[in-house]
Amino acid sequence: MAVAEELDKYRAPALDKGLDILELLAATEEGLSQAEIAKALERSPNEIYRMLDRLVRRGYVRRTGSDRYELTLKLFELAHATPPIRRLVSQALPVLRRFAREAGQACHLVIHDRNILVVVAQVDSPGYWNVSIRVGSRIGLVNTGSGHVFLAFATPEERQLMLEDLERRASEPLTPALEKRLDRVRAQGFESMDSLQVVGVSNLSVPIFGPAGSVIAALTCPYTKRLDKPQAPSAEAALKLLIAAGHEISQRQDAERA
């Protein structure tokens, strides 16, 4: 039996339809109307309506006031509930809160999943002002401090797979200048760079190592200088605190293995 015939034998059309909708909505930022979803998936509006109704009732999709559909965080919550991520976040949060208090800066924890970086934990600074990223946000691999950490500490084979997937998605390729920078990140053990998304923000990022010695997460502080508080920790001081926080979370992962 041909491979295609074997796959068709176990098809579940209704499940495929629902997954197609979820994947389509995950790739859009502002949601889609029922007609737009039907057109994109080459399905009839009635087919789409029935499936959307079930997804809304089960809490995976929400209908906005403008009759557009967008994903809820339920899928993220399900993924977040898996034991490894739950343990990582549980062990990291007290350290993140202490860093935010001592540095006076926000910070967030990022994991790498199928060449997508996802923010799984975030803590605001204790003051009124900070730059933060929402939990569940997806961020870039080659244009963020967190992404540089994952690329810098990846094996040559892992890095190649990451970049091949980026090229398939028409993203920015690895340039000689970026490759040189990644070598420096690996040598010094952290990334410190001007944000490529927000003016006046410096991304400070450090790796979190798992029991096997590979990077399982990146801890990032989007550092902003406070003009009204000259006594606040400098970027250099915040980086030292962040490095110490990264080491502590990594040690907690080792203790988990023991």
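The following legends describe close-up views of a predicted model.

**View 1. Confidence of the predicted model across its elements.**
The mean pLDDT of the protein is 85, and 86% of its residues reach 70 or more. Among the elements, strand 7 (residues 202-209) has the highest mean pLDDT, 97. The lowest mean value, 53, belongs to helix 1 (residues 3-9). Where pLDDT is low, the predicted coordinates should not be read in detail.

**View 2. The crossing of helix 2 and helix 4.**
Two packed helices are described by the angle and the distance between their axes. The axes of helix 2 (residues 13-26) and helix 4 (residues 45-57) come within 10 Å and cross at roughly 75 degrees. These two helices, helix 2 and helix 4, are therefore roughly perpendicular to each other. On the side of helix 2, the contact involves A14, K17, G18, I21 and L22. These residues meet E47, I48, M51, L52 and L55 of helix 4. By class, the contact of helix 2 with helix 4 has 7 nonpolar, 1 polar and 2 charged residues.

**View 3. The crossing of helix 2 and helix 3.**
Helix 3 spans residues 34-41, and its axis comes within 11 Å of that of helix 2. The two axes cross at roughly 110 degrees, and helix 2 and helix 3 are therefore roughly perpendicular to each other. D20, I21, L24 and L25 in helix 2 meet I37, A40 and L41 in helix 3. The classes represented in the contact of helix 2 with helix 3 are 6 nonpolar, no polar and 1 charged residues.

An open sheet is formed by 6 strands in the order 5-4-3-8-7-6, with antiparallel pairing. At its edges stand strand 5 (138-139) and strand 6 (191-194), each of which pairs on one side only. Helix 7 (residues 145-153) packs on the sheet and touches strand 3, strand 4, strand 5, strand 6, strand 7 and strand 8 (215-223). The direction of helix 7 makes about 150 degrees with that of strand 8.

**View 4. Strand 3 and its two partners.**
Strands of a sheet pair through backbone hydrogen bonds, either parallel or antiparallel. Strand 3 (residues 107-113) pairs with strand 4 (residues 116-123) in the antiparallel sense over 7 bridges. Within this pairing, Q122 of strand 4 is the bridge partner of H108, and A121 of strand 4 stands opposite L109. Strand 3 also pairs with strand 8 in the antiparallel sense, over 3 bridges. In strand 8, the residue opposite H108 is T220. Strand 3 is mostly covered, with 5 of its 7 residues buried.

N203 lies in strand 7. Its relative accessibility is 8%, so N203 counts as buried, the limit being under 20%. Leaving aside its neighbours within four places in sequence, N203 is in contact with G145, E191, S192, M193, S195, Q197, T220, C221 and P222.

**View 5. R184 in helix 9.**
Helix 9 (residues 176-188) contains R184. With a relative accessibility of 40%, R184 counts as partly exposed. R184 and A152 are 32 residues apart along the chain, and their C-alpha atoms are separated by 8.3 Å.

Note on methods
Residues numbered from 1 in each chain as written. Predicted model: local features only at pLDDT ≥ 70, side-chain atom pairs only at ≥ 80, totals over all residues. Heavy atoms only, no water. pLDDT = per-residue confidence, 0-100. Helix = DSSP H or I, 4+ residues; strand = E, 2+ residues; numbered from the N terminus. Buried < 20%, exposed > 50% of the residue type's maximum accessible area, 1.4 Å probe, protein only. Contact = heavy atoms within 4.5 Å. Axes fitted to C-alpha atoms, helices over the stretch in contact; angles between N-to-C directions. Parallel < 35°, antiparallel > 145°, perpendicular 65-115°, else oblique. Nonpolar A, V, L, I, M, F, W, Y, C, P; charged D, E, K, R; others polar. Pairing = 2+ DSSP bridges.
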